[in-house]
Amino acid sequence: MSEKRRLVVGVTGATGAVYAQRLLELVREAGGIETHLVISPPGVLTIKHELGMSRRDFQGLADEVHNFRDVGATLASGSFTTAGMVVAPCSVRTLAAVAHGFSDNLITRAADVTLKERRRLVLMLRETPLNLAHLRNMTAVTEMGGVIFPPLPAFYLHPQSIREMVDHSVSRVLDLLDIQVPVTRWEGMGAQP
Ligand SMILES: Cc1cc2nc3c(=O)[nH]c(=O)nc-3n(C[C@H](O)[C@H](O)[C@H](O)COP(=O)(O)O)c2cc1C
């Protein structure tokens with residue numbers, strides 16, 4: 001019997017809650033993936049502020065929701081198999097915790113588990129400009145096998161809306177997890193004059 005693949009999604013208090021929103025919506029549309037969502041308290045703030053959504057409505061985008069403080073949840077154990085984890089958006093605070101193995105909440109614990117089980121961890125890190133601590137922490141996570149994926153727009157695709165920019169970044173993240181969603185892909189420049 002084939003089980004649904006599971007994807008862990010952490011939402012932290014960096015700006016860009018829309019990345020998590022579109023990721024969850026696109027994964028649901030794609031089908032065949034069970035999403036497990038954890039939101040940090042600052043993440044709840046940015047969801048409300050940026051999306052005008054209540055925590056309850058946002059949580060409705062996921063298949064299962066876990067409490068941020070519940071380090072005894074399924075996700076806290078490597079025996080709970082997943083296809084990987086995305087933190088979208090990822091704050092530099094959560095980056096620092098992951099880089100130094102601080103499993104002090106369910107997002108950082110699940111990220112730690114993802115790394116120790118050698119599964120795919122993608123951090124949609126959002127901060128600018130970057131200080132040396134941020135850069136060192138990004139290096140540490142990369143050395144452990146994680147992927148640092150700042151959501152930066154691809155202007156060569158001529159996006160016509162913020163939604164298109166967001167969806168492009170999200171679909172590239174999902175590519176890294178082998179989850180295919182419809183996306184505009186670069187097909188070369190063709191015959192340029
Ligand atoms: C509106 C708003 C925007 C923020 N944007 C960022 C950001 O882009 N990047 C970042 O690292 N922190 C940002 N922060 C600060 C984080 O929310 C804060 O450092 C928090 O402690 C992160 O905790 P968490 O990683 O557990 O969510 C923002 C906070 C607010 C209220």
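I shall describe the protein chain as a whole and then turn to the ligand.

This is a predicted model, in which local features need pLDDT of at least 70 and side-chain atom pairs count only at pLDDT 80 or more, while totals for chains, interfaces and linings use all residues. Residues are numbered from 1 along each chain as its sequence is written.

The protein chain contains 7 helices and 6 strands, where helices (H or I, at least four residues) and strands (E, at least two) are DSSP runs numbered from the N terminus. Along the sequence, their order is β-α-β-α-α-β-β-α-α-β-α-β-α. The radius of gyration, taken over C-alpha atoms, is 16 Å, close to the 16 Å from the globule rule (2.2 Å times the number of residues to the power 0.38) for 193 residues, so the protein chain is as compact as a globular protein of that length.

Of the 193 residues, 37% count as buried, meaning that 20 or more other C-beta atoms, placed from the backbone, lie within 10 Å of the residue's own.

Let us now consider the ligand. Which residues come nearest to the ligand? Of the 16 residues around the ligand, they are T12, G13, A14, S40 and S91; a residue counts as near if its C-beta atom, placed from the backbone, lies within 6 Å. The elements giving two or more residues to this shell are α2 (41–51) and α4 (92–99). Of the elements, α2 gives the most, with 5 residues.

Thank you for your attention.

Note on methods:
A residue is buried if 20 or more other C-beta atoms lie within 10 Å of its own, exposed if 12 or fewer, and partly exposed in between; C-beta atoms are placed from the backbone.
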